[in-house]
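Me: I have a protein structure open and would like to learn how to read its features one at a time. Where do we begin?

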Amino acid sequence: MSRFFKLTELEPYVPGEQPANVDQLIKLNTNENPYPPSPRALAAINEEELKKLRLYPSLDAKGLMEAIAVHYGVSTRQICICNSSDETLAFMYHGLCPEGAVFADLTYGFYPVFCHMFGIPYEEIPLREDFTLAVEDYAGKKGTVFITNPNAPTGLFLPLSEIRRLLEQDPNRLVVVDEAYIDFGGETAVPLLKEYDNLLITQTFSKSRALAGGRLGFVIGSEELANDMNTLKYSFNPYNVNRVTMLMGEQAMRDEDYFNKTRTAVMENREWTRQQLCELGFTVTDSRSNFLFAAAPGMSGKEYYAALRDRGILVRYFDKPRTKAYCRITIGTREQMEALLEATRDILKGV
Ligand SMILES: *Cc1c(COP(=O)(O)O)cnc(C)c1O
């Protein structure tokens, strides 16, 4: 640390490993999509478009905004596009937590990091023993509530009836629903926006639209909240989405066939893998996301992680008391999941 550094208490988020020899590994550690972006997204980029990189991107992002609005059945005035869902969250923690923040003890690990970054007081509400979220535990809490739905790393989905209860606990408290994994079997809270103006939804192109490297996220909320997000964005980096990503994102959003085909394949692979792991004696949560949260029989999450790594397969484990039995396994292609199961059978022989 230099003597000029001001935020000496800052503890940065630790992303999953991004190894250089990724082609020699089976990478199931950061919930990326195993399939490439939509062919229509790839076709949107050509030399002409790349030459236009000398220009700043369009500020109204018309095509992309319209594609999102059509997909969700909302107005473009209810949307704010950002460089990633992480960026939308940064803006929210910075500008939309007047009374601090409230979130689960086991959820997206970036939330407390943002709080430290922006000096936001926060409270972590423990999930129940079975990792479910009990809405009544949030009654009377004043801070902006952040719900990852489906949750990470557990994969559990909170039904919309429960989101509705959260919204009704206090109409003057903002509830943010982080729907990074919603397209893998959950149900989006967007229709609730017609009834509640204390709801803000954040989404990303990184998971279900296979554009993690493009960095693209957005929020949907009331026109007032979308406006607030734009105020934050224009006070920080108005050109936060680059031209190439804007074009690819628009086509990825419009290509409903490819979107449905690939997310269905991920969900089918998930259910198949889950069943195979259960047959091997694993404890596996009922995930509605593109990963499984699984505890190997007779070994810790760390041991299973290390044994898989020795066999060229990368997963993630979280060294916290409540999660140390588990690993989070991203759903890959069927071939990748077969390799995971083969390695797992081999590992279990030694236990
Ligand atoms: C992946 C993820 C994000 C971040 O997505 P980016 O758009 O890639 O920044 C946000 N929230 C949750 C819960 C995630 O899993």
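Reply: Keep in mind that this is a predicted model.

Me: What do K51 and E48 form?

Reply: They form a salt bridge, and the closest N and O atoms are 3.9 Å apart. The pair qualifies because the cut-off for a salt bridge is 4 Å between a side-chain nitrogen of Lys or Arg and a carboxyl oxygen of Asp or Glu.

Me: How many salt bridges does the structure hold?

Reply: There are 17 salt bridges. One of them links E162 with R165, where the closest N and O atoms are 2.9 Å apart. Both residues belong to helix 6 (residues 160-169), again with a spacing of three residues, about one turn of the helix. R165 is partly exposed, at 38% relative accessibility.

Me: Which salt bridge does R270 form?

Reply: R270 pairs with E271, and their closest N and O atoms are 2.8 Å apart.

Me: Is R270 buried or exposed?

Reply: To decide, compare the relative accessible area with the cut-offs: under 20% is buried, over 50% is exposed, and partly exposed lies in between. R270 has 5%, so R270 is buried. As for bridges with shared partners, E136, E162 and R165 are joined by them into one network.

Me: Now for helices that pack together. What describes such a pair?

Reply: Two packed helices are described by the angle between their axes and the distance between the axes. Here, take helix 4 (residues 85-95) and helix 5 (residues 110-118): their axes come within 9 Å and cross at roughly 45°. That angle makes helix 4 oblique to helix 5. The crossing of the two helices is right-handed.

Me: Which residues make the contact between helix 4 and helix 5?

Reply: From helix 4 come D86, L89, A90, Y93 and H94, and from helix 5 come F110, Y111, F114, C115 and F118. Sorted by type, the residues of this contact are eight nonpolar, one polar and one charged.

Me: How do I read a contact between residues that lie apart in the sequence?

Reply: Look at the separation in sequence and the distance in space together. R254 and L64 are 190 residues apart in sequence, yet their C-alpha atoms are 9.0 Å apart in space. R254 lies in helix 8 (residues 243-254). Leaving out residues up to four places away in sequence, R254 touches R40, G63, E66 and A67.

Me: Is R254 buried, partly exposed or exposed?

Reply: R254 counts as partly exposed, because its relative accessibility is 32%.

Me: Where is S38 found, for another case?

Reply: S38 sits in the loop between strand 1 (26-27) and helix 1 (39-43). With 2% relative accessibility, S38 is buried. The residues that S38 touches, not counting those up to four places away in sequence, are Q251, A252, D255 and Y258.

Me: The last topic is the backbone. What holds for most residues and most peptide bonds?

Reply: Most residues other than glycine have a negative phi, and most peptide bonds are trans. The peptide bond from N149 to P150 is cis, with omega near -5°. Another cis peptide bond joins A152 and P153, where omega is about 5°.

Me: Where do P150 and P153 lie?

Reply: P150 is in the loop between strand 5 (144-148) and helix 6. P153 is also in the loop between strand 5 and helix 6.

Conventions
Residues numbered from 1 in each chain as written. Predicted model: local features only at pLDDT ≥ 70, side-chain atom pairs only at ≥ 80, totals over all residues. Heavy atoms only, no water. Helix = DSSP H or I, 4+ residues; strand = E, 2+ residues; numbered from the N terminus. Buried < 20%, exposed > 50% of the residue type's maximum accessible area, 1.4 Å probe, protein only. Axes fitted to C-alpha atoms, helices over the stretch in contact; angles between N-to-C directions. Parallel < 35°, antiparallel > 145°, perpendicular 65-115°, else oblique. Left-handed = near helix turned anticlockwise from the far one by under 90°. Contact = heavy atoms within 4.5 Å. Nonpolar A, V, L, I, M, F, W, Y, C, P; charged D, E, K, R; others polar.
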